[in-house]
Amino acid sequence: MVVTLHRKPRLCWEAKPGVSPSRWKRKTGEPPLINGWIPYLGMALLFRKDAFKFLLDQQKKLGDIFTVHIAGRYITFIMDPFQYVYVIRNSKQLEFHEFADKMASKTFDYPALSKGKFPDLKENLHRIYQYLQGKPLDIISDHMMKNLQDIFEWKCSQATDWETEKMYKFCCSVMFEASFITLYGRVPAADGHKVISEIRDKFIKFDASFPYLAANIPIELLGATKKVRKELIHHFLLQNMTKWLGGSKVVQARQDIFEKYELLGDYDKAAHHFAFLWASVGNTIPATFWAMYYLLRHPKALAAVRDEIDHLLHSTGQKRGPTYNIHLTREQLDNLVYLESALNESLRMCSSSMNIRISQEDFVLKLEGNQEVGLRKGDWIALYPQILHMDPEVYEDPKEYKFDRYIENGKKKTTFYKAGRKLKYFLMPFGSGISMCPGRFLAMNEMKMFIFLLLARFDVELVENKAVRLDNSRMGLGILLPDVDIAFRYKLRSLRKRKALGLEVDIGCSDMPPRFVLPEL
Ligand code: HEM
C-alpha cells in the first residue's frame with residue numbers, strides 16, 4: 001500500500017488499529033502515523049528492541065510508507081526500494097549534513113559546523129574525501145597492505161603450531177592498528193604497539209556507548225564514557241600527532257584545513273581527528289569479523305576464496321615466503337571476484353544502517369507512479385536498507401550465507417530483481433547519495449587485504465562450534481557487532497613443493513582435514 005494525495009486524507013484518529021490519534025491531525029497526503037502511547041518516547045522502546053522486526057510488522061499493517069514517532073522525532077519510512085531513488089536524488093529539499101553535523105558534534109565533542117562560526121569548513125572537509133579515491137586510494141591502499149603485513153608478521157610469525165585466539169579481538173587488534181598507522185602514522189616510541197593498543201582499548205570502551213550517544217542519551221549518564229572520550233581526544237592533540245610518522249594525505253589535509261580556522265581550538269581539532277578515526281574503524285572492524293566468521297563457517301566458501309588467492313599469488317609470481325612482501329594492484333584487488341562476493345554477502349547480512357534525510361520545508365515528495373507524500377519542515381525521512389538486504393523477493397533464502405551470490409558466469413553480478421523489475425539499489429552497506437561513505441573503496445580494499453593475507457599465510461579454523469548472532473543494539477547505526485566472541489586457531493601454512501601446471505610453486509595445506517566438521521549455517 002502506498003499513500004497518495006488523491007485519496008481522502010486519513011486522519012490519525014480514524015487510522016488503523018495501533019495508530020494513535022494523539023499528536024498530529026494528519027494533513028492531506030501525509031502517511032499514517034504510529035504514535036505510541038508513551039509520552040515523548042513514542043515507539044522508541046519497540047523500535048530499539050528490534051527495529052527490523054518492528055518495521056516489517058508496520059509494513060504489513062500499513063504498507064510501504066508510514067510515519068513513526070520515536071523519542072520526539074517523527075520519522076517517515078520509505079520501505080519500497082523502487083522509491084529509494086526519489087529520496088536519494090532530492091538533496092535540495094531533503095537535507096543530510098546539518099542533521100549529521102548535530103549528531104556528530106555532540107557525539108565526538110566538537111562545535112557544530114553549521115552554526116556559521118566556521119565558514120566553508122564542512123565543504124572543505126568534504127573536498128578532502130578525494131584522497132580516498134583514484135590514485136590517492138592506490139597509495140593509501142598500498143600503505144595499508146604493507147602495514148597489515150607488518151602487523152601479521154609481528155603478531156603471528158611464530159605460529160608454527162596452532163595458536164588460538166578470539167576472533168573479534170583478533171580482527172579488532174589487527175585492523176585497528178593497521179588502520180591507525182595507515183591514516184595517522186606510526187608512533188615512533190619503542191612501545192609504539194603499546195601506545196596504539198591503549199588507544200584501541202579506550203576506543204572499544206567509547207564505542208560500546210556509541211548507540212546510547214546516537215540515541216541522544218546525555219554522556220553524563222554513561223558512566224566513564226565522558227572521561228574516556230576526553231582521553232581519546234587528547235591523543236589527537238597536535239603536540240602528539242606531530243610525533244607520528246608517515247601518516248596519510250587525507251589526515252594531513254584535514255590538519256591543514258583545521259589550522260585555517262582560528263576559532264577552532266586545539267581540543268576541537270583533536271576531536272575532529274578522533275571522529276574520523278571512529279568513522280574509519282567503527283564499521284570496518286565488525287565487517288572484517290563477519291567476513292572472516294562466515295568464511296570459516298562455510299568450508300566451500302573458504303576453499304573457493306583461498307583458491308582464488310593462491311591462484312593470484314602464483315600467477316603473479318608472488319610466492320609465500322618466510323617474510324611478507326605481497327603487493328596487489330588495484331586491478332588485481334578488483335579481480336578477486338569470489339573474495340569480493342563473499343565480502344558483499346557478509347555485508348548484506350550484517351549491515352543495518354538507516355539513511356536519514358531531513359525535510360527543509362513543507363512540501364510534497366513525488367514518488368514513482370504518481371504517488372506523493374506530504375512532508376512538513378523538520379520531518380525525518382528514512383530508508384532502512386536492511387529490509388531490502390533480507391527481502392526474499394530480492395535474495396532467495398536471505399538468511400543463508402551464499403558466498404557466490406554476487407557472481408554470475410564467473411563475473412561480478414550487479415543485476416538483482418524484485419517482482420520481476422530490476423533494482424537500482426540492491427546492496428547499501430555504505431549508505432546512499434549525499435551521505436554515502438567516502439571511505440567505501442578503502443574499506444573494501446582493507447577487508448580484502450586482511451582476508452587475503454590471512455588465507456595466503458595461515459591455515460585457519462574455528463575451534464568452537466557455536467553460532468554467533470547479530471547483536472541488535474546498533475540497529476540503524478551501521479555494521480552490527482557479534483553477540484559473543486568465538487575462538488579460532490591459526491597456523492602458518494606449511495610450505496610443500498609441488499609441481500603444478502609444470503611450475504614448481506609453494507602450496508599450503510588447505511587440503512588438510514579440518515579438526516571437526518562444522519555444519520553449514
Ligand atoms: C565496512 C566499513 C564501512 C562501512 C560499512 C561504512 C559505512 C558508512 C555509512 C553508512 C556512512 C553514512 C552514515 C550516515 O548516513 O549517517 C558512512 C560515513 C562515513 N564514513 Fe564510512 N564506512 C566504512 C568504512 C569507512 C572507512 C574505512 C572510512 C575512512 C577511512 C570511512 C569514513 C567515513 C566518513 C568520514 C563518513 C562521514 C561522511 C560525511 O562527512 O558525510 N568509512 N560510512
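Biologist: How many bridges join E7 to E10?

Modeller: Four bridges join E7 to strand E10 (residues 380-383), and the two run antiparallel. This is a predicted model, by the way.

Biologist: Which residue stands opposite Ala 382 in E10?

Modeller: Ile 356 stands opposite Ala 382.

Biologist: Is E7 mostly covered or mostly open?

Modeller: Mostly covered. E7 spans residues 355-359, and five of its five residues are buried.

Biologist: Which way do they point?

Modeller: Asn 355, Arg 357 and Ser 359 point one way from E7. Ile 356 and Ile 358 point the other way. All are buried.

Biologist: And how does E4 pair with E7, parallel or antiparallel?

Modeller: Antiparallel, over two bridges, with E4 covering residues 94-95. Glu 95 stands opposite Ile 358 in E7.

Biologist: What's the strand order of the sheet they sit in?

Modeller: E1-E2-E3-E10-E7-E4. It is an open sheet of six strands, with mixed pairing.

Biologist: Why is one side of E1 and of E4 left without a neighbour in the sheet?

Modeller: Strand E1 (33-34) and E4 stand at the edges. Each has a single partner strand, so one side of each has no neighbour in the sheet.

Biologist: What about E2 and E3, how many bridges there?

Modeller: Six bridges join strand E2 (residues 65-70) to strand E3 (residues 73-78), and these run antiparallel. Phe 66 stands opposite Phe 77 in E3.

Biologist: Switching topic. Which residues are closest to the ligand?

Modeller: Ser 280, Asn 283, Gly 431, Cys 437 and Gly 439 are the closest. In total, 22 residues surround the ligand.

Biologist: How does that shell divide into nonpolar, polar and charged?

Modeller: There are 12 nonpolar residues, 10 polar and no charged.

Biologist: Which elements each supply at least two residues of the shell?

Modeller: Helix H12 (266-281), helix H13 (284-297), strand E6 (351-353), helix H18 (440-457) and strand E17 (477-479).

Biologist: Which gives the most?

Modeller: H12, with three residues.

Biologist: OK, the core. How many residues in the largest nonpolar one?

Modeller: The largest nonpolar core has 118 residues. Those with the most contacts inside it are Leu 148, Cys 171, Ala 291, Val 305 and Ile 451. H7 supplies the largest share of this core, 13 residues.

Biologist: What is Leu 148 in contact with, leaving aside its neighbours within four places in sequence?

Modeller: Val 174, Ala 178, Met 449, Phe 450 and Leu 453. There is also a second, separate core of five residues. Leu 388, Phe 426, Met 428 and Phe 430 are among them.

Biologist: Back to H7. Which strands does it lie across?

Modeller: Helix H7 (residues 167-184) lies across E5 and E19, and runs at about 85° to E5.

Biologist: And which sheet holds E5 and E19?

Modeller: An open sheet of three strands, in the order E5-E19-E15, with antiparallel pairing. The edge strands are E5 (163-166) and E15 (458-462), and each pairs on one side only. On average, neighbouring strands of this sheet are turned by 25° against each other, direction ignored.

Biologist: How many bridges join E15 to E19?

Modeller: Five, with E19 covering residues 487-492.

Biologist: Next, where is Arg 405 found?

Modeller: In the loop between helix H17 (385-389) and strand E11 (407-408).

Biologist: Why does Arg 405 count as buried?

Modeller: Because it has 20 other C-beta atoms within 10 Å, and the cut-off for buried is 20 or more.

Biologist: What does Arg 405 touch, not counting residues up to four places away in sequence?

Modeller: Ser 341, Glu 345 and Tyr 395. Arg 405 and Ser 341 are 64 residues apart along the chain, and their C-alpha atoms are separated by 6.6 Å.

Biologist: And Asn 240, which helix is that in?

Modeller: Helix H10 (residues 238-241). Asn 240 counts as partly exposed, with 15 C-beta neighbours inside 10 Å.

Biologist: Last one. How many helices and strands in the protein chain?

Modeller: 18 helices and 21 strands. Of the 521 residues of the chain, 39% count as buried.

Technical notes
Residues numbered from 1 in each chain as written. Predicted model: local features only at pLDDT ≥ 70, side-chain atom pairs only at ≥ 80, totals over all residues. Near = placed C-beta within 6 Å. Nonpolar A, V, L, I, M, F, W, Y, C, P; charged D, E, K, R; others polar. Pairing = 2+ DSSP bridges. Axes fitted to C-alpha atoms, helices over the stretch in contact; angles between N-to-C directions. Contact = placed C-beta atoms within 7 Å. Core = buried A, V, L, I, M, F, W, Y, C linked by C-beta atoms within 7 Å. Buried ≥ 20, exposed ≤ 12 C-beta atoms within 10 Å, placed from the backbone.
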